[in-house]
Amino acid sequence: MEYPAINKILAAVCERLQEIPDPATPAQPLLREIRTACITGYENLFALLPDLTAFPAAIIAAGNLSFPEMATVREVELAVIIIDEFRASPELAVAGYDLVDRFAGCLTGPFPGAALELGGVHFITEGIQPLELDGDHTGWQYTLKATAGFLS
């Protein structure tokens, strides 16, 4: 028996994010680029920024791991970082908040406060916070807690 692999958890979130349609062109995904990365600090994130070529983009990384309930479950903190190009005009600035709302709706359960279940892993939203990036980009960190027990 073992816990689901972290890479499997990250892949499940990637697949879910690919399902968010672009409201302007519903046949296209909202996020133009989605990747997983082993990020342990802002320095790693800033090193990735020049490699991103299409926006909005998402980077998914695992953070703290904990083992509550006598290690019968494992909790993995996930950071889903949404990055978009900075927009100064008032009409375009609201698009950033629309992006956050669409994104949040994709990663929540069937009703507020309910866990999202993907492949036997339960995901609970912990919070969303803005990130300080360079002057050309805006960013939001969406924090999830992924909880799963042993697999047989």
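**A tour of the predicted model**

Read along the sequence, the pattern is α-β-α-β-α-β-α-β-β-β, with helices (H or I, at least four residues) and strands (E, at least two) taken as DSSP runs numbered from the N terminus. The radius of gyration is 16 Å, close to the 15 Å that the globule rule gives for 152 residues, so the protein is as compact as a globular protein of that length; the radius is taken over C-alpha atoms, and the rule is 2.2 Å times the number of residues to the power 0.38.

This is a predicted model, in which local features need pLDDT of at least 70, side-chain atom pairs count only at pLDDT 80 or more, and totals for chains, interfaces and linings use all residues. Residues are numbered from 1 along each chain as its sequence is written, and side-chain values use heavy atoms, with hydrogens and water left out.

Select strand E1 (residues 33-36) and strand E2 (residues 57-66): they run parallel, joined by four bridges. Strands pair if DSSP finds at least two bridges between them. Within this pair, Glu33 stands opposite Ala57.

Then select strand E3 (residues 73-85), which pairs with E2 in the antiparallel sense over eight bridges. On this side, Ala57 stands opposite Ile83 of E3.

Finally, display the whole chain: its C-alpha trace spans about 50 × 35 × 25 Å along the principal axes.
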